[in-house]
Each structure stands twice: as structure tokens, then as C-alpha cells.
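Hi,

Here is the structure I promised to pass on. Have a look at it first, and then read my notes below.

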Amino acid sequence: MSDRASRTFFIETLGCQMNVYDSELLRRRFLQEGYRAAAAPEQADVILVNSCSVRRKAEARAWARISLYTSIKGRPGSPLVVLCGCVASRATQGLGEGSRGRPALVAGCGSYDSLLAAVEAGLSTRENGGGPVLLDDSPSGSYRMPVTDEPSPLRAFISISRGCDSHCTYCVVPSARGPHRSRSLDDITEEAHRLVEGGTRDVTLLGQNVNVYQDRGANFLDVLAAMEKVPGLWRVRFTSSHPRDMTVEVLRFIGRAENVCEHLHLPLQAGCDATLRAMHRGYTVERYRELVETARAEIPGVAISTDLMVGFPGETDENFEESLRFVSEIGFAAAFTFIYSARPGTPASGLPDQVPEDIKRERLERLLQEQNAVTDALGKRMVGHEVEVLVEGRDRKDPRKLSGRTRTNRLVSFEGDPQLVGSLVKVRIESAGRWTAFGRRPADSAT
């Protein structure tokens, strides 16, 4: 048995879907090189923390995990601890928030091509102190997903682009992941075919801003058209869309495409023009309203989710009330809500009129109450209706039942035979909670 065949690795993923995709990419690369996946960090020779830095709390959590893992005594000594992802990219630029724990390697998002060689060098000496070694973090790395003989997951991600050129004043993504780069359409299509051949039926296209995709004349509409032609690909989703760059043509295509789901994630961030300008979002409340009206006209039954932030510097009580009214008017199916977190190196961190933390928390609570009321009402409207569900597996809270998602990304729990996993079924909704709907299958409803 080679040295590599006896070596193990463990990956912990923090943050967004792009990090989930990157962790899968790294996992496959390690497996291709002969490493084995460890069931727990204590059993690993190499521990990778794929980190998120979009908010202060997320970055602090990454450093806490590094501190924990560097204290592990494994076999034959301490494991080689690697900090990956967005926190790593910022650390290589001198923007890290400290060295709480000392990873052996710091591998930003652009350094994954050289990571395995650096791990090999580190393992040969078992050095985990005195570092860390900062790998070159250029944004030009290869992100082609390695091919394995493993069956593909029922639901999978495909990265179609990397980085971002929007430079919103609160956001670290441009500094952490670099400028926008699009993958080739051929590469994306090939990956989709490969996933479907392995058993995937639901694909989510990933990018910091999928709407600005460009590859030798092909745009995002061409990506969706290519996905529609993949045999056996039942559902296509995408995230995230920038409201500034979403087009009527894309909305119309979704409305007539058979496998592109009736779900849009359109990050609003704030429902107040003054705040949107300070954020450098590039659209107005009226533009967003028109976009939603067009989406609902072109895509029957569309569910629109969003991101919302409270406490941006300079946000007054009047600004917040304006946002609250707009959120109520739009009626989002779901919202990811956040308190503004000042990130070092971003323009917003130096703005005057930073909002006190207690006011931020109070505003977040009011926003959650408003959004929860809307979500609850939309759930009740599902009762009595029949929906199509892609069965994903047993219900985590009630293993006697199955669960899956609708085309609008609503989780549904129902009784059924485990052999239905991986199939499309009809479910009649009988009740609905805030996040999960509950129903029963009509007889002979498998599709």
C-alpha cells in the first residue's frame, strides 16, 4: 500500500452553496490521488476547513474550528490543518482577523490546483507550527469537477462562474473570490450530462451573479437552453441572480421551459432607494417591483425568495420602515435575513453613522415577524392543492415518512414507500408549517 493510500482527509464546509461545490471538488481530487475520506476529524491526517467570510460571525467560526483542529493529536502526530475558502483568500491578502490557531496551509479559492502538492510536502515533514504557508491565490485556477465512478447525488450543483464585479459596498466576495470569470458552456454541459448519467435529476447552477455569464458569445440564456436539452435532467435551478442584470428574456424562457423551475432567488437587500444607493446595488425599488411583476406575469406560480439586510450604515428608522413596507408588498416566499456586519477592507466599513447593535437586533426581529407572517400565509394557500415532489429520502424529523421538494423549492413530507426515492410523485397538501408542507399521495400518482 502506498503512503497516499494510507492517508486520510476530512473536510468541514462552512458557508454558501459555492463552498459546498468547492468541497466536493476537493474531495474528488483527494480521492483521485489515493487518499481516503475519514469519518471524523480525529481520524484524519489532513483536515480542511472550507470557510466563509461574508459576515464577521462566519469568519469567527472558521477561526474557532481551526483552533479546535490544531489541538487534535492524531496519528502519527497532529493532523495537517488547512484553512481553505474565502477566509483563506482574505488572509493571503493580509485581511485576516488574527491567527487563532495556526493552520499549516492557507489555501484561498484560487489556489486549489496547487493544494495537493502543498499537502504532500507538509505531510512529509508533519510541520503544523511556525506557519502558516500561504499558497498563491490567483483567480485563474481550474475548477473542472474530477470524474469518479461514484453515483451522482439526486440533487447537485454546477458552478458556471466564479467571482464578482459588482463591488457592493458591504461585500467581500470580489476580494475573496476575484473578478467574474465564466466557465465554458461546453464544460458546463458536459458536467450536467455526466451528473445525470450518474443519477442526478435536479441541478442548481451556481455563480455570484449568474446573469452576467459570458462565454464566446454565449450568455446565461444559452446556459439555460443547454440545460433544457439534457435528457433526464428533470429540474434546473440557479442562484444567485442580481436584480440589476436579470432580463425579461430569461424570465420568458423560464416561463416556457419544461425543466427550469418556477423559483427565483432575487436578493433585494433593502427596500429603500437611499440604502440601495449606499450599498451600490445598481437598481431602485421601482425597478425591483417591475422585475417581480414581470416574473409573475411570465412564470405562472413562481416563488420568489430573497436576501434582506438590516442595519446598513446610515439606515434611519424611516429607511427601515420603508423597507418593511416593501417586503410586505412583494410577499416573498422565503427570505434569508441578516444583520449588517462590517467587513474589513469593504467601503461600507468606513462609512459614518454605523447603526448600534441593539437597534440592528430590534429591526431584524421586526423584519422576521413580517416575513414569517407572509411565509405562513403562503403555506396555508398550498392546502388542498396537488404538487409535484421529487422524493429525496426519508424525512429527517420523522423517518417513517418521506420528504422532497416542489419545483418552487418547498419541502414536503408525506407517507410513502422508500422505493419512491429518486422519483417524481404527486402529493396533495393537507397542512403546512412555516418551512414544511404535509400531505398524502393520491393513488397511482408516481410520474
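Helices (H or I, at least four residues) and strands (E, at least two) are DSSP runs, numbered from the N terminus.

Some housekeeping before the findings. This is a predicted model, so to speak of local features we need pLDDT of at least 70, and side-chain atom pairs count only at pLDDT 80 or more, while totals for chains, interfaces and linings use all residues. Residues are numbered from 1 along each chain as its sequence is written, and side-chain values use heavy atoms, with hydrogens and water left out.

Let's start with strand E10 (residues 202–206). Five of its five residues are buried, so E10 is largely enclosed by the rest of the structure. Asp 202, Thr 204 and Leu 206 are buried on one side, and Val 203 and Leu 205 are buried on the other, which covers both faces. In general, side chains in a regular strand alternate between the two faces of the sheet. Two strands count as paired if DSSP finds at least two bridges between them. E10 pairs in the parallel sense with strand E7 (residues 155–159) over five bridges, with Arg 155 opposite Asp 202. E10 also pairs in the parallel sense with strand E13 (residues 235–239), again over five bridges, and there Val 203 has Val 236 as its bridge partner.

Now to the open sheet: six strands in the order E2-E1-E3-E4-E5-E6, with parallel pairing. E2 and strand E6 (133–134) are the edge strands, each pairing on one side only. Strand E1 (residues 8–13) is mostly covered, with five of its six residues buried. E1 is joined to strand E2 (residues 36–37) by two bridges, running parallel, and Thr 8 stands opposite Arg 36. From E1 the chain crosses through helix H1 (residues 17–32) to E2, and this β-α-β crossover is right-handed (with the strands pointing away from the viewer, the path from the first strand over the helix to the second runs clockwise). Five bridges join E1 to strand E3 (residues 46–51), also parallel, and Phe 9 sits opposite Val 46.

Helix H2 (residues 56–69) is next. What are its buried residues? They are Ala 58, Glu 59, Ala 62, Trp 63, Ile 66 and Tyr 69. Down the axis of H2 these fall within an arc of 140°, so they line one face of the helix (the arc is that of the directions from the helix axis to the C-beta atoms).

Last, the aromatics. Rings of Phe, Tyr and Trp (its six-membered ring) pair if their centres lie within 6.5 Å; planes under 30 degrees apart count as stacked, over 60 as edge-to-face and the rest as tilted. The whole structure has eight aromatic pairs. One of them is Tyr 283 with Tyr 288, tilted, at 6.2 Å centre to centre and 40° between the planes. The rings of Tyr 288 and Phe 326 have centres 6.0 Å apart and planes at 70°, so that pair is edge-to-face. Tyr 288 is in helix H10 (residues 285–298) and Phe 326 in helix H11 (residues 317–330), so the pair ties together parts that are 38 residues apart in sequence. Tyr 283, Tyr 288, Phe 326 and Phe 332 form one aromatic cluster.

Cheers

Note on methods:
Buried < 20%, exposed > 50% of the residue type's maximum accessible area, 1.4 Å probe, protein only.
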